[in-house]
Amino acid sequence: MPASTKAAPPRAWQRMLSGRRLDLLDPSPLDVEISDIAHGLARVARWNGQTEGDHAYSVAQHSLLVEEIFCRITRDVTPDCSMAALLHDAPEYVIGDMISPFKATLGDDYKSVEKRLQRAIHQRFTLAPNLPIKLKKAIKRADQIAAFYEATQLAGFGVTEAARFFGRPRGLPPEGLKLEPQPPKLAQKAFLDRFTVIDEKRKNII
C-alpha cells in the first residue's frame with residue numbers, strides 16, 4: 001500500500017484543560033497536573049451515576065472519603081501515606097470509573113493502562129511508583145469501607161449484600177463521614193483543598 005494511503009494511527013492522547021496533552025499509552029509525569037485531576041474526578045460519577053441525590057456522587061468525593069477513613073483506621077499515618085490514599089483512584093480522571101464487573105470483562109488491557117497512569121501520577125507527586133504492600137492493603141481496606149457505606153446509603157444495596165461484596169466496616173460507624181453528593185465545583189474545591197493541606201505537610205517534613 002502506498003505510504004500516502006496508509007491510515008493515520010489512532011490518537012492516544014487527551015487534551016486537558018490545563019493545556020497538557022496526556023499520552024494514555026505512555027503517560028509522562030510532566031503532563032500530569034493536580035488541577036486536571038481534581039476537575040476530572042469531580043465530574044466522574046461513582047456507581048455509574050446510580051446513586052440517590054440531586055448530584056452524582058463523584059470520584060473526588062470518594063477519594064476524600066477513603067483518605068479520611070484511611071487516617072482513622074491506620075496508625076502512624078505520614079503525609080506521604082495520606083497523599084497515596086487521596087490519589088488512589090486518580091487515573092480515573094482520564095479513564096473514568098468503571099464498575100468492577102466491567103473491569104473484569106476488560107481484563108489486563110484496562111489494568112495495564114490504569115497502572116501506567118498511576119505510576120506517572122505517583123512520579124509527578126514524588127510518591128513511590130509501587131507502594132509497599134502493607135500500605136496498599138490499608139488503602140484497599142479504607143476503600144472497601146467507603147464502598148460499603150456508599151453502597152448502603154447511596155446506591156440502594158442492602159446491608160447483607162454490601163457486606164458480601166465489601167465486608168463489614170467493623171469499628172467504624174458512618175457518623176461524621178461525608179456521604180451527601182455535592183455539585184462538581186464544590187467537590188473539586190474540597191479535593192484541591194485537601195491536596196494542598198497534605199502537600200504542605202509533606203514540604204514541612206525535615
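A salt bridge is a side-chain nitrogen of Lys or Arg within 4 Å of a carboxyl oxygen of Asp or Glu. The model is predicted, so local features need pLDDT of at least 70 and side-chain atom pairs count only at pLDDT 80 or more, while totals for chains, interfaces and linings use all residues. Residues are numbered from 1 along each chain as its sequence is written, and side-chain values use heavy atoms, with hydrogens and water left out.

Q: Why is the contact of Arg46 and Glu150 called a salt bridge?
A: The N to O distance of their side chains is 2.7 Å. The definition asks for a distance within 4 Å, so the pair qualifies.

Q: What makes this pair a tie between separate parts of the sequence?
A: Arg46 lies in the loop between H1 and H2, and Glu150 in helix H7 (residues 133–153), so the pair ties together parts that are 104 residues apart in sequence. Helices are DSSP runs (H or I, at least four residues), numbered from the N terminus.

Q: How do you know whether Arg46 is buried or exposed?
A: Buried means under 20% relative accessible area, exposed over 50%, and partly exposed in between (1.4 Å probe, protein chains only). Arg46 has a relative accessible area of 11%, and is therefore buried.

Q: Why is Arg124 called partly exposed?
A: Its relative accessible area is 32%.

Q: What makes Arg124 and Glu33 a salt bridge?
A: Their closest N and O atoms are 3.8 Å apart, and the pair therefore meets the cut-off.

How values were computed. Helix = DSSP H or I, 4+ residues; strand = E, 2+ residues; numbered from the N terminus.
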